[in-house]
Amino acid sequence: MRLVFAGTPEPALASLRRLIESPRHDVVAVLTRPDAAAGRRGKPAPSPVAQLALDQGIPVLRPERPNSDEFVAELTELAPECCAVVAYGALLSERLLAVPRHGWVNLHFSLLPAWRGAAPVQAAIAAGDEVTGATTFQIEPALDSGPVYGVVTETVRPSDTAGDLLERLAVSGAALLESTMDGIADGALTAVPQPAEGITVAPKITVESARVRWELPAHVVDRRIRAVTPNPGAWTMIGDLRVKVGPVTVDDTADPLPPGVIQADRKAVRIGTGSHPVRLGLVQPPGKKPMNAADWARGARLDEDVRAS
């Protein structure tokens with residue numbers, strides 16, 4: 001089947017590779033977001049998906065306005081039979097959706113209708129879901145609401161960060177997307193409407209939403225920190241300093257500490273929450289690399305009245 005692949009970040013790479021290598025499909029072009037500033041110098045750089053396509057000699061489309069008349073005409077001229085989408089990052093107009101005969105098929109990293117939106121993996125971890133997965137569905141104008149072609153499930157492990165879970169879903173989801181493309185090409189798959197019940201929404205993670213709320217119970221603090229690791233990264237104010245913190249460990253054997261109170265010794269740094277204290281893992285002060293929490297505390301020489309907030 002003649003395909004255009006639409007995607008931007010690293011989690012889309014496994015799917016793109018899988019479709020490029022498939023003997024049944026021909027990826028004739030890749031649609032991705034325009035080059036964005038990267039690195040310390042902020043020079044424009046191609047997205048991970050664009051770079052892979054360039055390395056494979058596949059034409060790369062980077063329209064500033066994908067719903068413009070010009071791009072609709074360009075896509076129409078390419079004549080794709082289907083467009084496969086993984087985290088492209090832009091809303092698509094009905095005119096654009098109507099170009100390929102089989103429409104646009106999206107790989108979404110949740111079990112729809114749960115966690116529609118920009119951050120489904122993060123939302124699943126933060127909510128304490130024990131099972132999540134990936135879904136292929138037909139894109140329609142409403143957000144992640146289209147009929148479903150297929151699903152794959154994935155267990156959420158107790159120590160999973162968003163990065164860990166997304167890495168596994170990117171691989172299992174790539175196989176699902178390829179099998180979905182195969183089924184559409186064969187005429188063997190029919191999309192099934194999503195249930196009306198069980199709809200939840202996973203909005204984009206903001207920097208402010210990644211701030212640790214120490215007044216919450218320890219297990220919630222743990223989940224929320226893992227949900228934003230590695231990006232954008234959990235953070236807290238310690239005195240006048242804004243520091244990033246890596247995953248924590250709930251310490252239900254330690255004496256209780258008031259929320260935000262810091263207790264440091266040679267081996268560990270604990271912070272009080274709304275229930276049990278948690279032990280910090282990695283700490284990243286401004287302008288420095290992540291370091292072990294105990295090493296950080298020795299260098300920081302924390303005053304007794306300093307709190308995390």
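Modeller: Two strands pair if DSSP finds at least two bridges between them. Helices (H or I, at least four residues) and strands (E, at least two) are DSSP runs, numbered from the N terminus. This is a predicted model, in which local features need pLDDT of at least 70, side-chain atom pairs count only at pLDDT 80 or more, and totals for chains, interfaces and linings use all residues. Residues are numbered from 1 along each chain as its sequence is written, and side-chain values use heavy atoms, with hydrogens and water left out.

Biologist: Which residue stands opposite Thr135 in S9?

Modeller: Strands of a sheet pair through backbone hydrogen bonds, either parallel or antiparallel. Here strand S8 (residues 131-138) and S9 run antiparallel, joined by 7 bridges. Opposite Thr135 stands Val151 in S9.

Biologist: What is the order of the strands in the open sheet?

Modeller: The order is S5-S2-S1-S6-S7-S8-S9, 7 strands with mixed pairing. Strand S5 (60-61) and strand S9 (148-155) are the edge strands, each pairing on one side only.

Biologist: How many disulfides are found?

Modeller: A disulfide is a pair of cysteine sulfur atoms within 2.5 Å. The whole structure has 0 disulfides. For Cys82, the nearest cysteine sulfur is that of Cys83, 6.6 Å away, too far for a bond. Cys82 is buried (under 20% relative accessible area; exposed is over 50%, partly exposed in between; 1.4 Å probe, protein chains only), because its relative accessibility is 0%.

Biologist: Which ring does Arg242 lie over?

Modeller: A charge sits over a ring if NZ of Lys or CZ of Arg is within 6 Å of the ring centre and within 35 degrees of the ring normal. Arg242 lies over the face of Trp235, 4.1 Å from the ring centre. Arg33 lies over the face of Tyr88, at 5.8 Å.
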